[in-house]
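Reader: Could you walk me through the interfaces here, with the criteria spelled out?
Author: Gladly; here is the model.

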Amino acid sequence: MQNRTLEVGVGLFLLAGLLAFLLLALRVSGLTVGADNTYKVYASFDNIAGLTVRSKVTMAGVTIGKVSAIDLDRDSYMGRVTMQLDEAVNNLPADSTASILTAGLLGEKYIGISVGGEEEVLGEGGTIHDTQSSLVLEDLIGKFLLNSVNKDQAN
Amino acid sequence: MRKTSVLERVRLFGRAGIDLLGTLGRSVIFLLRALFGRSSTGNGFQLLVKQLYSVGVMSLAIIVVSGVFIGMVLSLQGFSILAQYGSEQAVGQMVALTLLRELGPVVTALLFAGRAGSALTAEIGNMKSTEQLSSLAMIGVDPLKYIVAPRLWAGFISMPLLAMIFSVVGIWGGSMVAIDWLGVYEGSFWANMQNSVSFREDVLNGVIKSIVFAFVVTWIAVFQGYDCEPTSEGISRATTKTVVYASLAVLGLDFILTALMFGDF
Amino acid sequence: MSAESPYAVELKGVSFKRGERDIFKNVDIHIPRGKVTGIMGPSGCGKTTLLRLIAAELMPSQGEVRVNGLNLPSLSRGELFDMRKQMGVLFQSGALFTDLDVFENVAFPLRVHTQLPEEMIRDIVLMKLQAVGLRGAVELMPDELSGGMKRRVALARAIVLDPQILIYDEPFVGQDPIAMGVLVRLIRLLNDALGITSIVVSHDLAETASIADYLYVVGDTQVLGQGTPAELMDSDNPRIRQFMQGTPDGPVPFHFPADNYRDDLLRGR
């Protein structure tokens, strides 16, 4: 009957719409359904300039998590970054180093973690103490200029 | 020729303003009655399915084809610009964000206004001119519930789905061009995209946009048909009005919504 | 249904304006129950407006429109739709639903308003189609029918709920003589057989006069005259005589009101 084709068509259409939504959610925006398989790690930086929420956290170039929050520590006046790391990488030594890096010259900022040597590992809520702040281009140029001025004066 | 005095011009201007307000008022009453009035027929679901078919399924082809091409073009254009900065990997992110935030909802709404909106106006206008609407009313069936309401709901439901399908096939088209043709590394294409696209801010905001557009476009289309002059000339004028008004409304609303969603204030 | 009034439809002191223009001013029309009443007048005099007033598609600016004793302007939208179930209207074009075939068109009011089993719907539809002589066309689509057949199918649809009042909007326009004869016979027959009140809105003089028990002539925002067809034929009112005899110029002028012809021509100089 004609009604049947109609209903089948509409059914397929609704399914296609739903599938599109799921694809957008999971494949395109990388939404993970059960968010339980990550753990939280904190790190404080002198300057986080350019780092944003959802920036990646990498180790040896492999993405292992992302930044979930950035706020200012009232007492130390440092930027405190909260990271969600994959549960699969739960063997990070407690003295690992976190540095804010730039992809390319003008690319986005991300956090790179280099491994330390301690036996103790970072757990849920752990803090990385050894941090290296974002490289701020203006500071760099400023330093460079100052150096050359100093050199001139020394001469 | 008779001269129109200043007063007469002011009067005409006022008349136009009153007419505009009157039309707006009628369209609001029309909408409320169609959506919330008492239902006189039990088989509303059947009617909705029929309209979903003619409004949604029939628009699918144009949406998919345009989506693929727009995604491919975005990818090509984006690649050639991004390559100058050495960040070709970001092409996935660019295609996805452009489609999800802007082109998906907006182009879908424009195509929908042209394809389904004009058809709705013409169909209802034709029913009006052949007295089918009056004759429904005389049978004791409210045409607002029987004819208008299912079409409104079908439009509201279809367009967000179509917009999402548009974005998905667009991203697929973009990925084909970028990965298979331009040689962007597949892993970084998707990873870059996933890292920069936020579900809540980009995907959901896009869906919200297309829900708003669906509401406005369908409302305009159905109202223009219902309110048209019941002559063939009146119907063709109403059809044109539907496409023009709906397109302008979509583009204007898009600016407002974008400012609200992505502007920082 | 209030039986106290011998009239099925009453218009009392009805005025209707479209924009600035008066269509009707203080019109009184009483339509007797169980009779065929013709409402006639020149084109553009507001006959269709009158019909829409009775069907409550339009509301009068002033006055009462009573159908079966109910004052339409005071009813709610829902009550109006209920009232309309007792009323059938045959529109000029037939107004069949183009996406349904003949059977479904006639069955439509039954499906919407009743929970009758399918066999009974089928029987009723076939009976009504038999009454208009189109039982054989049951599977055709509306665009496969001639104009006259469309009108007959629409008539079958209008009577399928056994209404008390049946309104015909220009039933004779654009029909060939045979179709016209068929329709004239059908209207009379249905009226007598079903005992319904028929209102024929038309400007076709001979046909309307041949079936109507009582005639109203409207024009120029007024009721110009009323009476049985014979009475009207002999009327000494010049306007009625002009209409009944079809002379081009008379009290109803040939010219639309305009400025002085000579002045208008000279103004261009």
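Reader: How many residue pairs are in polar contact across the interface of chain A and chain B?
Author: The rule finds two, both at pLDDT 80 or more. A polar contact is a pair of N or O atoms within 3.5 Å; within protein, one must be able to donate a hydrogen and the other to accept it, and residues adjacent in sequence count only if both atoms are side-chain atoms. This is a predicted model, where local features need pLDDT of at least 70 and side-chain atom pairs count only at pLDDT 80 or more, while totals for chains, interfaces and linings use all residues. Residues are numbered from 1 along each chain as its sequence is written, chains are lettered from A in the order in which they are written, and side-chain values use heavy atoms, without hydrogens and water.

Reader: What makes C:Arg52 and B:Glu131 a salt bridge?
Author: A salt bridge needs a side-chain nitrogen of Lys or Arg within 4 Å of a carboxyl oxygen of Asp or Glu. The N to O distance here is 3.8 Å, so the pair qualifies. Across the interface of chain B and chain C there are two salt bridges, whereas the count between chain A and chain B is zero.

Reader: What area do chain B and chain C bury between them?
Author: About 2,000 Å², with 54% on carbon and sulfur atoms; buried area is the accessible area (1.4 Å probe) that two parts lose on being put together, summed over both.
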